[in-house]
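Open the model in your viewer and keep the selection tool at hand. The tour goes from one selection to the next and says what is there.

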Amino acid sequence: MKEKGKYRLFIIFLYFFILKDLLEQKIGVIGYTDELFALIALPLFLLFLSKNQFMLPCAKYGFGKFIALFSLIGFAGSIIYAYQPLRVTLSDMLLCLKFWLVIYVGKVFSQHFSIRAYAGKIYFHVKLLTCMFAIFILVDNVLKIFPSSIRYGLRSTQLFYSLPTIFVANCVLLTAVLLMVCKYVKGSRKYFGLLLIMMCTSLRSKAFGVALAIALIYYLVFRKHQKIQLKMFVLLIPMVIAIAWQQVEFYFLGSLQSGSARFQLLAKSFTVASDHFPIGAGYGTFASHFSGVSYSPLYEMYGLSQIHGLTKSAPSFVSDSFWPMVMGQFGWIGTLVFLLALLMLFVKIQRLKQVNEAYYASALSIFAYLMISSMAEASFVHSCTIPVAFLLGILTNQEKEPEKEANNGLQEVYT
């Protein structure tokens, strides 16, 4: 595909992902596009192997080998314990792998595609969508035309999305795309600030934490020209906990622990991992979407089947968090392997600092969003992460554009 065609396809993807939840509410089959998008990685990978005489390259800092091992650990647990039928195992395997598969799709898509050449046109569409969000929020606050909830005595922004968290995810997507092109355009800072403010109007604790993290990344990368170390993310944890303290106290420290699905899933995940040492109980067995679709026997075995949101008749909260799923289904070894995959992804993002600060800030913002949201939702398996995974694939494959070449383009004026 020619470069201009890839640009047009990128814009189509951007609008589709922004409107996907709305379309899915009207046409349910749209929800399966995440899986279809991920499955594109398989023929692309086979094509790559055929061109390389089926020699499998192993990058020094690649995360692929860890994700492959992670998937095998889950499959081994499924075979050994056989809690779920094969169809559930395979469905949940795709769910757990789709984020990483879409990164690969983005990587292949980015070949022979210059972000710099189309930065101005991409920026136009980001501005258009940002202004659309802003207008809708203003109109909604006056006419109250969209569904919403009251938090802290204020109206929480949800717009036409089924959940406020989806609105937040789309704000993050637009912010990441904006950061990606900001080196080559003028006047992006006001839209950057507007997106962070709109994100916070959701009044979700996660949104406050993500907005703070992205603002710090922007300051440190563009103002201080610093390379952000992993320990800085660790230092962010107390700040995020402080921002979300009310929610943390409610779910994990209050008197409702025994009836909190989120707390009980986290607490029991360690027991499940220990009882199924070292590889976990397998796909579709604990804290995943398919463990509720095909009700997992583990919920009754560990006394969770009577908790609100975890009952067989209404398992609406079974996939309300991420790390309990990893711990329960993949065990101690699987959790360690997944953390190593994330570390390799972080290392790959770090290498972008020498290529282009804008790409670096964009990819790092996505990484921060994923890590923060993983504490409150099933982030790496949620449909919201598909567009940012695609963008991550594009960004982490931009290692051939040296900073000196990028500087020949239009410099960003932070106004």
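A disulfide is a pair of cysteine sulfur atoms within 2.5 Å of each other. Select Cys171 and Cys200: the sulfur of Cys171 has its closest cysteine sulfur in Cys200, and at 9.3 Å that is too far for a bond. By this rule the count comes to 0 disulfides.

Before going on, note that this is a predicted model, in which local features need pLDDT of at least 70, side-chain atom pairs count only at pLDDT 80 or more, and totals for chains, interfaces and linings use all residues. Residues are numbered from 1 along each chain as its sequence is written, and side-chain values use heavy atoms, with hydrogens and water left out.

**Whole chain.** Show the protein chain as a cartoon. It has 18 helices and 2 strands; helices (H or I, at least four residues) and strands (E, at least two) are DSSP runs, numbered from the N terminus. Of its 415 residues, 54% are buried. Buried means under 20% relative accessible area, exposed over 50%, and partly exposed in between, with a 1.4 Å probe and protein chains only. Cys171 is buried, at 0% relative accessibility.

**Helix α8.** Select residues 188-200. This helix has 13 residues and reaches 19 Å from its first C-alpha to its last, close to the 18 Å expected at 1.5 Å a residue; the expected span is 1.5 Å times one less than the number of residues. Now colour its buried residues, which are Ser188, Tyr191, Phe192, Leu195, Leu196, Met198, Met199 and Cys200. The buried residues of α8 pack against α6, α7 (164-181) and α9 (205-223).

**Met199.** Which residues does Met199 touch, not counting residues up to four places away in sequence? They are Phe167, Val168, Cys171, Val172, Thr175, Ala207, Val210, Ala211 and Ile214, where contact means heavy atoms within 4.5 Å. Met199 also belongs to the largest nonpolar core, of 135 residues, and is among the members that touch the most others, along with Phe10, Trp100, Ile122, Phe133 and Met180. A nonpolar core is a set of buried Ala, Val, Leu, Ile, Met, Phe, Trp, Tyr and Cys residues joined through side-chain atoms within 4.5 Å.

**His125.** Move to helix α6 (residues 119-143), where His125 is found. Is His125 buried or exposed? With a relative accessible area of 15%, it is buried. Its side chain makes a polar contact with the side chain of Tyr15 at 2.9 Å. A polar contact is a pair of N or O atoms within 3.5 Å; within protein, one must be able to donate a hydrogen and the other to accept it, and residues adjacent in sequence count only if both atoms are side-chain atoms. Leaving out residues up to four places away in sequence, His125 touches Tyr7, Ile11 and Tyr15.

**Leu230.** Next select Leu230, in helix α10 (residues 230-243). Leu230 is partly exposed, with a relative accessible area of 37%. Apart from neighbours within four places in sequence, Leu230 is in contact with Leu343 and Phe346.

**Ser379.** End in the loop between α16 (357-373) and α17 (385-395), at Ser379. Ser379 is buried, with a relative accessible area of 0%. A polar atom of its side chain lies 3.3 Å from the backbone oxygen of Leu370.
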